[in-house]
Amino acid sequence: MTEVGEGAPHAQDLERTPFEILNGDYSVELRKKDGLVVTWKRDGRIIPVTWRSIQDYEGNTDIPRGFIQSARTLGLQVVEVGAGLAEFIPELALHQERRPIVIEPIDYRRLIDMLSEASSHELIDSDRALVSQVVKRARIYADPRLVRLYPVGIEKIKRYKELRGIADVVIDVVGGLIYTGEMGKWREYIDYLLKDDPPGKFYHSYHPS
Ligand SMILES: C[S@@+](CC[C@H](N)C(=O)[O-])C[C@H]1O[C@@H](n2cnc3c(N)ncnc32)[C@H](O)[C@@H]1O
C-alpha cells in the first residue's frame, strides 16, 4: 500500500512554495515534492496523519468493495481506529443516521486551525483543493452530531464500558494497531469492540501477528 505523497514528481511540484506550520507536537507542512504532510509526535515518535480515499480503503485492504453502501443501507455500527483524515467516516457520517465511532487520539480542532492557516498561504490549485477537502473532513470528525469521537489511543479502550460489544464492523487502515505501543494486544482491543451475536467483523489493511 503506497503512502500519500509517494510517486513521481509532477512539473507542478516545482511551483510549490514550501512552508511549515507548527503547533506544539503538531506539524502541517507543504513540501516541494510530497505536497501536504501532516504529522504529530507522541513519545518522540513522528506519526503521519493521512487522508486515504474510500477507493484506497476498498481497493487496498480487506474491506469489501461497496462496503460503505451496505453499511448505510443496513445501518451498521462502524468503529474506525486511527481514522486520521480519511474519507470513509465523514462520508458515512453524512449519509447514515447512526453515528460512526472513531477512536483517534489526534486533536481535530487544532488540525482545523492549522489547516485553515495553511489555506492562507500561496498554494497551487490541487493543493488548495486538498487542504479544503481535509479541513471539511476534520470538521465532520470534530462534530459530535455526526461522529462519536473518542480522542484516545486504542490501548485506552476498556475505560469506555459503553463501547463493549458495540461494533458490527471495526476498521483499521494503517491506524492505531500499527502505532500503539501495545501491538501484541490488538486482538483483545478489537474483540472488546466487536459484537458477539451476530459476530462483528474486523477489516484492516494488514495482518498483524
Ligand atoms: C497513517 S494514519 C492513517 C489514517 C487513515 N486510516 C488513512 O489510512 O488515511 C495513522 C493514524 O493512526 C492514529 N493513531 C496513532 N496511534 C494511535 C492509537 N494508539 N490508537 C488509535 N489511533 C492511533 C494517528 O493519529 C493517525 O491519524
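## Ligand shell and sheets

In this predicted model, 24 residues surround the ligand, and the closest are G82, G84, G153, G176 and Y179. By type, the shell divides into 14 nonpolar, seven polar and three charged residues. Strand 4 (45–48) supplies at least two residues of this shell, and so does helix 6 (176–179).

Strand 1 (residues 19–23) and strand 2 (residues 26–31) form a hairpin with two residues between them. In that turn, G24 has a positive phi of about 60°. I21 has V28 in strand 2 as its bridge partner.

| Strand pair | Residues | Bridges | Direction |
|---|---|---|---|
| Strand 1 and strand 2 | 19–23 and 26–31 | Five | Antiparallel |
| Strand 2 and strand 3 | 26–31 and 35–42 | Six | Antiparallel |
| Strand 6 and strand 7 | 101–103 and 148–150 | Three | Parallel |

A further sheet is open and has five strands, in the order 7-6-5-8-9, with parallel pairing. From one strand to the next, the twist averages 20°. Strand 7 takes its three bridges from strand 6. In that pair, I103 stands opposite Y150 in strand 7.

Conventions. Residues are numbered from 1 along each chain as its sequence is written. This is a predicted model: local features need pLDDT of at least 70, side-chain atom pairs count only at pLDDT 80 or more; totals for chains, interfaces and linings use all residues. Two strands pair if DSSP finds at least two bridges between them. Helices (H or I, at least four residues) and strands (E, at least two) are DSSP runs, numbered from the N terminus. A residue is near a molecule or strand if its C-beta atom, placed from the backbone, lies within 6 Å of it. Ala, Val, Leu, Ile, Met, Phe, Trp, Tyr, Cys and Pro count as nonpolar, Asp, Glu, Lys and Arg as charged, and the others, Gly among them, as polar. Axes are lines fitted to C-alpha atoms, for helices over the stretch in contact, and angles run from 0 to 180 degrees between N-to-C directions.
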